[in-house]
Amino acid sequence: MSTWIITGAATGLGRLLAEHVLAEGHRVAAAALDVDPLRDLAGRYPDTLLPVTADVTDADARARLVEATRQQFGRIDVLVNNAGIDFIGAVEEQDEADYRAVFEVNFFAAVGMMRAVLPTLREQRGGTIVNVSSMDGIASLPVNGYYSASKFALEGITDALAGEVAHLGITTLLVEPGSIRTGIIGRTRVSGARIADYEPAVRPFLDAVALPDAATLLFPGDAAASAAAVYAEVTAPHPRRRLILGSDALANVARAVDLLQEDVAANASTAGNVDYPV
């Protein structure tokens with residue numbers, strides 16, 4: 001029986017992952033701003049679910065979450081940084097308060113949670129840190145630049161951490177979902193005032209999101225199947241460094257990799273020109 005901390009656990013992928021982990025016989029500290037939606041799970045798993053009201057952007061709240069988990073279950077085996085927010089709009093359009101909030105939740109809170117659990121994982125000489133990124137963390141898209149940037153940052157620090165903790169028996173996993181039906185479309189807001197010059201890039205996206213059946217048309221991924229895939233990867237004997245979820249995610253990540261390879265090839269004959277002569 002292992003112990004998981006899952007942030008953003010009241011809704012979407014976090015909720016479904018918590019439910020899956022509990023059904024598999026493990027323990028979960030489920031963190032959310034509002035844990036009321038977890039009441040039914042608490043009734044079904046009174047001994048193995050610990051709902052914790054926590055704003056993960058607050059350092060004291062993160063410390064209390066980790067301590068409550070240790071006190072209740074004695075150890076921490078898996079941290080899943082799932083909490084996230086998104087605003088849409090062109091880079092110049094979005095309000096500063098909104099894009100800073102995106103980084104506070106998607107990046108700095110995740111970093112804070114990693115730093116909060118690492119002393120425990122080091123002491124145990126084992127554990128797994130799962131950072132829920134996005135296909136946008138590799139394949140940045142117009143109209144979602146700040147969200148993409150926050151996930152790019154999460155990818156970068158996760159790769160660095162992986163090299164720092166591997167010898168301690170600690171592993172990391174980046175989860176890169178595509179458009180999964182988690183209800184996020186209902187929680188995503190447009191930020192800032194529209195600028196006419198960006199309409200050709202922004203308007204098609206905003207129109208698509210506003211369609212009555214956008215949640216179905218734009219989100220082909222199954223959230224429950226995605227939660228099961230995350231659990232399977234975390235518990236696999238040799239988990240991958242990245243878990244890509246969804247055919248759309250695979251296509252977009254492959255496109256981004258192809259473009260990067262084109263850039264590498266285009267610079268192959270000139271990159272060394274700035275080296276000192278040997």
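**Close-up 1. Arginine 125 sits in the loop between helix H4 (96–124) and strand E6.** Helices (H or I, at least four residues) and strands (E, at least two) are DSSP runs, numbered from the N terminus. This is a predicted model, in which local features need pLDDT of at least 70 and side-chain atom pairs count only at pLDDT 80 or more, while totals for chains, interfaces and linings use all residues. Residues are numbered from 1 along each chain as its sequence is written, and side-chain values use heavy atoms, with hydrogens and water left out. Arginine 125 is not a glycine, yet its phi is positive, at about 55°. Most residues other than glycine have a negative phi. Is arginine 125 buried or exposed? It counts as exposed, because its relative accessibility is 53% (buried means under 20% relative accessible area, exposed over 50%, partly exposed in between, with a 1.4 Å probe and protein chains only).

**Close-up 2. Valine 143 lies in the loop between E6 and H5.** Here is another residue to look at for its backbone: valine 143 has a positive phi of about 80° and is not a glycine. With 6% relative accessibility, valine 143 counts as buried.

**Close-up 3. Strand E7 (residues 170–177) is mostly covered, with seven of its eight residues buried.** Strand E6 (residues 127–132) runs parallel to E7, and six bridges join them; two strands pair if DSSP finds at least two bridges between them. Look for threonine 128, whose bridge partner in E7 is threonine 171. From E6, the chain passes through helix H5 (residues 145–165) to reach E7, in a right-handed β-α-β crossover. Right-handed means that, with the strands pointing away from the viewer, the path from the first strand over the helix to the second runs clockwise.

**Close-up 4. E7 also pairs with strand E9 (residues 242–245), in the parallel sense over four bridges.** Proline 177 has leucine 245 of E9 as its bridge partner, and leucine 174 stands opposite arginine 242 in E9. Which residues of E9 form its covered face? They are Leu243 and Leu245, whereas Arg242 and Ile244 make up the uncovered face.

**Close-up 5. Arginine 27 belongs to strand E2 (residues 27–32).** Arginine 27 is buried but has no salt bridge (a side-chain nitrogen of Lys or Arg within 4 Å of a carboxyl oxygen of Asp or Glu). Aspartate 77, the nearest side chain of opposite charge, is 5.0 Å away; Lys and Arg count as positive and Asp and Glu as negative, with His and the chain ends not counted.
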